[in-house]
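Please work through the two exercises below with the sequence and the structure at hand. Each task is followed by a stepwise solution.

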There are 2 protein chains.
Amino acid sequence: MDISWTLIQKQRLHELNANETQQGMCFESQEDRNRAFQELEHQLVVKGKLRLQELREIKKRPSLCILEQQLVEALTQKGFVQVVTPTIISKGSLAKMSVSNEHPLFSQVFWLDNKRCLRPMLAPNLYTLWKDLLRLWEKPIRIFEIGTCYRKESQGALHLNEFTMLNLTELGLPEDQRQQRLEELATLVMDTVGITDYQLEMTNSVVYGDALDVVKGIELGSSAMGPHFLDDQWGIIDPWVGIGFGLERLLMIKEETQNVQSVGRSLSYLDGVRLNI
Amino acid sequence: MDISWTLIQKQRLHELNANETQQGMCFESQEDRNRAFQELEHQLVVKGKLRLQELREIKKRPSLCILEQQLVEALTQKGFVQVVTPTIISKGSLAKMSVSNEHPLFSQVFWLDNKRCLRPMLAPNLYTLWKDLLRLWEKPIRIFEIGTCYRKESQGALHLNEFTMLNLTELGLPEDQRQQRLEELATLVMDTVGITDYQLEMTNSVVYGDALDVVKGIELGSSAMGPHFLDDQWGIIDPWVGIGFGLERLLMIKEETQNVQSVGRSLSYLDGVRLNI
């Protein structure tokens, strides 16, 4: 029982969204293994075709879009206002996030020219809006954005060059309520997605300093609070909390897939299903 | 009555979404004009603040997001399936759209490196999916995407560097029904947006050859049909129709604003309202 899948078989099973047990199977002989592969591939192809049929006839929308809409509904019901900001941002606003040459994130930024890049995060745009909204609205100011962010990451099982971020912020709440509020907001998002048994962990983020992470096996969300050392740059003095989630990672855990590519923006997958079947 | 707004006044009125009549006003004297400017600016600022208050307390979402959701609902109800594809595309797929060095669109493309760019249109990704879906689904294949596209255009009153495109396609319909189908689809979209009194005009597109445009003062949408000279590149032989709309332009006409920036992704505007008020 020590013969496992070949590399090519393993790759194909990953593409077809085989689960962890299936990907870890072992066999007595190569013959057994190859027979098992053919059967399993066939099963997964049939399952994929059924799922595409369900998309066509019932769902009509990929899970990524459905999840986005569910989050919008849950957040607007709780008094948060949705914003839509540019995906092309200035080098200056990145620098105000302390993301400049020496910073670990800097090398992951996609540049369009020497002044503009694709946003690696939503925070700089939300900081910009905060400053104006503080003049126009009473506190607390509750805004969120759901949109594409970009990072040059090794295209591993957990990373995507373009991914969908939710960033949810509340500005101008009492300082002693921040921790509790973050936990409430994390719970609201996780309940909306339908993920249970997650942990809230204290960590140290490269951008935000101390942060509270939402974890279930992998990092699903990361939060921060202010007063914060970046606030000065943006002229913000009120206390705040913010929490960000990668929607593709949330889907990965919710739909129990090993393959983050399959649920994100793609030409090889449609709604979790590999198209070369 | 031959004294009009100063350039600075004109610019400010444009920012504040003054209507055409207001922007075209003339006066007997500079004194009259400047008094009128102060009054009008004040009115528009008050109106903007009310609109932001309405966003916060009632709408909760910018019109751009609401329109997107209305279109998704209308299209999925009519049997169209939503897809989400990468905004970073290859030079090769652009070339397959015949967008290469000599092409008018080529100079408007944002490049990330010598192989990858930001999509200036949704069509190449939809062509790619068609090819796989033809193997997996019965005809007609009805898919659409709503997503950000990018073009380096002079940031004029009608153009945005990043804008939101809807592209709606039907592949594998009877050839003699294409024209009628395009008109039905244009009507479906315009009814959903709530725009009346538009025209359907035959034009010649730089990318698609002969096309049917949807026009109300400005070009709102543009359609094409196949068999088409680009189909060969993508291995497509079935007849098709496709129609694309810029969501910000649709909103501009629907909300009767002169200012396309104000309804798009922005840090200066929130849902049509200038934030420096």
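The exercises concern the contact between two chains and one buried acidic residue.

This is a predicted model, in which local features need pLDDT of at least 70, side-chain atom pairs count only at pLDDT 80 or more, and totals for chains, interfaces and linings use all residues. Residues are numbered from 1 along each chain as its sequence is written, chains are lettered from A and ligands numbered from 1 in the order in which they are written, and side-chain values use heavy atoms, with hydrogens and water left out.

**Exercise 1.** Describe the interface between chain A and chain B.

Step 1. Contact (heavy atoms within 4.5 Å) involves 53 residues from chain A and 53 residues from chain B.

Step 2. The buried area (accessible area, 1.4 Å probe, that two parts lose on being put together, summed over both) is about 4,600 Å², and carbon and sulfur atoms give 61% of this. On the side of chain A, the most area is lost by A:Arg56, A:Val84 and A:Leu267, together 15% of what that side buries.

Step 3. Two salt bridges (a side-chain nitrogen of Lys or Arg within 4 Å of a carboxyl oxygen of Asp or Glu) link the chains. One of them pairs B:Arg265 with A:Glu145, with the closest N and O atoms 3.5 Å apart.

**Exercise 2.** Which side chain of opposite charge is nearest to A:Asp231?

Step 1. Lys and Arg count as positive and Asp and Glu as negative; His and the chain ends are not counted.

Step 2. The nearest such side chain is A:Arg178, 7.9 Å away.

How values were computed
Buried < 20%, exposed > 50% of the residue type's maximum accessible area, 1.4 Å probe, protein only.
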